[in-house]
Amino acid sequence: MASYTLKINSKTYTVEADPKMPLLWAIRDLVGLTGTKYGCGIAQCGACTVHMGGQPVRSCSIPVSVAAGKDLTTIEGLSTDNSHPVQQAWIKEQVPQCGYCQSGQIMAATALLKKSPNPTDKDIDTAMQGHICRCGTYPRIRKAIKTASQIMNQKASAK
């Protein structure tokens, strides 16, 4: 066991963990933020996606020792009241079905929109590739990403 400082959603946590413990387990079991989901455990489905240094990563395959000291954002860090434009769009377009993959999908979409505020279908397909939804909500996800883009652009032009 070793001690690690994790900076999650602008808060600092100190955890005792095996250096090889997946970041996902540190976030869920040691810190208690359960919005990030376990899917496959081998970085293939995207359910566990969080941001590390602003980039989407699969937390099930990142050792806690690698994530220590880096800025991490989980689904809880987007907003506390679902007011983030991507969350608003997800609600408006009624994207979730079973909902299990949605936190990872939302984190990937948020990273895409930060990088590309007006994504094309191809941009969306590329960014969301590898995020598996067993319910097949992909058309609604694409529509929600475009809606989120519109919301973000409206907020930017209102300033």
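A: Start in the loop between β1 (2–8) and β2 (11–17), where serine 10 sits. The model is predicted. Serine 10 is not a glycine, yet its phi is positive, about 70°. Most residues other than glycine have a negative phi. Serine 10 is also exposed, with a relative accessible area of 82%.

Alanine 43 also has a positive phi, about 60°, and is not a glycine. Its place is the loop between α1 (23–31) and β3 (49–52). Alanine 43 counts as partly exposed, at 23% relative accessibility.

Now the interior. In soluble globular proteins, nonpolar side chains tend to be buried together. Here the largest nonpolar core has 19 residues. Val86, Trp90, Ile106, Ala109, Met128, Ile141 and Ile145 touch the most other members. At least two residues of this core come from each of α3 (85–92), α4 (102–115), α5 (121–128) and α6 (138–158). The largest share, six residues, is supplied by α4.

Methionine 128 shows how this core is joined up. Leaving aside neighbours within four places in sequence, methionine 128 contacts Gln105, Ala108, Ala109, Ile141 and Ile145. Among these, Ala109, Ile141 and Ile145 are also on the list of core residues that touch the most other members.

A second, separate core holds 17 residues. Val15, Ala17, Met52 and Val64 are among them.

Methods. Residues are numbered from 1 along each chain as its sequence is written. This is a predicted model: local features need pLDDT of at least 70, side-chain atom pairs count only at pLDDT 80 or more; totals for chains, interfaces and linings use all residues. Side-chain values use heavy atoms; hydrogens and water are left out. A nonpolar core is a set of buried Ala, Val, Leu, Ile, Met, Phe, Trp, Tyr and Cys residues joined through side-chain atoms within 4.5 Å. Buried means under 20% relative accessible area, exposed over 50%, partly exposed in between (1.4 Å probe, protein chains only). Helices (H or I, at least four residues) and strands (E, at least two) are DSSP runs, numbered from the N terminus. Contact means heavy atoms within 4.5 Å.
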